[in-house]
Amino acid sequence: MWGAAWVGAPALVQTAWAQAPLAPTPRQTEGPFYPIALPADSDADLLRNGPLQYAQGQAVWVEGRVTDTAGVPLAGGVVEIWQCDAAGHYHHPGDGGRAAPDFQGFGRVTLGRDGRYRFRTIRPAPYTGRTPHIHFKVRLGQRDLLTTQMYVEGEPGNARDFLWSRLSPAGRAALTVPFTSSSDGPRAEFALVVQA
């Protein structure tokens with residue numbers, strides 16, 4: 001009898017693990033540079049702003065999947081990103097209007113049934129007081145579900161960044177990702193878990 005119980009125990013443990021809720025992605029500040037007015041071009045390709053093509057910085061892909069804490073994809077949700085250009089400037093009046101006009105700086109995609117998103121952009125650049133990062137916002141209908149930031153693994157400025165350094169080890173692991181090689185260029189996979 002005990003033998004049968006021990007044989008069945010791994011299956012029970014696996015079932016319990018499969019049902020364990022996912023930890024929500026840590027929240028972070030929106031920062032001062034979220035667009036006051038959304039740009040006319042706000043698609044998933046930040047390297048094109050209307051007819052203009054941006055050629056500064058390193059072109060990369062940033063992609064991932066958005067799920068709830070049960071692992072269910074957030075179909076119909078919206079992911080927005082915004083970031084500075086390669087010189088460290090945002091499209092925002094608070095940054096003096098110095099951003100490159102050919103860098104879109106803001107992008108938005110609607111999630112399909114699989115909850116995946118993909119943006120073409122540049123590897124984030126540092127600016128005074130901040131390590132490289134990309135801002136993210138997840139919305140569902142009229143509700144803002146998450147605002148956070150993605151950081152780059154191995155950046156020397158991370159430890160000096162006032163927001164990154166305040167994260168717990170688990171928070172750092174959730175928000176800090178590497179760029180890896182892929183067939184169409186460097187890419188970062190950034191999973192987002194929201195409480196829907």
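Aromatic pairs first: the structure, a predicted model, holds eight of them. Rings of Phe, Tyr and Trp, the last by its six-membered ring, pair if their centres lie within 6.5 Å; planes under 30 degrees apart count as stacked, over 60 as edge-to-face and the rest as tilted.

Phe-33 and Tyr-90 make a stacked pair, with 4.6 Å centre to centre and 25° between the planes. This pair links distant parts of the chain, 57 residues apart. Phe-33 is in the loop between helix 1 (2-19) and strand 1 (48-49), and Tyr-90 is in the loop between strand 4 (78-82) and strand 5 (106-110). Helices (H or I, at least four residues) and strands (E, at least two) are DSSP runs, numbered from the N terminus. Phe-33 is buried at a relative accessible area of 15%, and Tyr-90 is buried at 2%. Buried means under 20% relative accessible area, exposed over 50%, partly exposed in between, with a 1.4 Å probe and protein chains only.

Next, Tyr-54 and Phe-103 form a tilted pair: 4.8 Å centre to centre, 45° between the planes. The pair links distant parts of the chain, 49 residues apart, with Tyr-54 in the loop between strand 2 (52-53) and strand 3 (59-68) and Phe-103 in the loop between strand 4 and strand 5. Tyr-54 is buried, with a relative accessible area of 5%, and Phe-103 counts as buried at 0%.

There is also one aromatic cluster formed by Tyr-117, Phe-119, Phe-136 and Phe-190.

Now charges over rings. The criterion is NZ of Lys or CZ of Arg within 6 Å of the ring centre and within 35 degrees of the ring normal. Arg-118 lies over the face of Trp-61, 3.7 Å from the ring centre. Lys-137 has its charged end over the ring of Tyr-34, at 5.3 Å from the centre.

On the overall fold: the protein has two helices and eleven strands, in the order α-β-β-β-β-β-β-β-β-α-β-β-β along the sequence. The C-alpha trace spans about 75 × 35 × 35 Å along its principal axes. Of the 196 residues, 43% count as buried. Among contacts (heavy atoms within 4.5 Å) with a separation of 6 or more, 74% come from residues 24 or more positions apart.

Two notes on method. Residues are numbered from 1 along each chain as its sequence is written, and side-chain values use heavy atoms, leaving out hydrogens and water. Local features need pLDDT of at least 70 and side-chain atom pairs count only at pLDDT 80 or more, while totals for chains, interfaces and linings use all residues.
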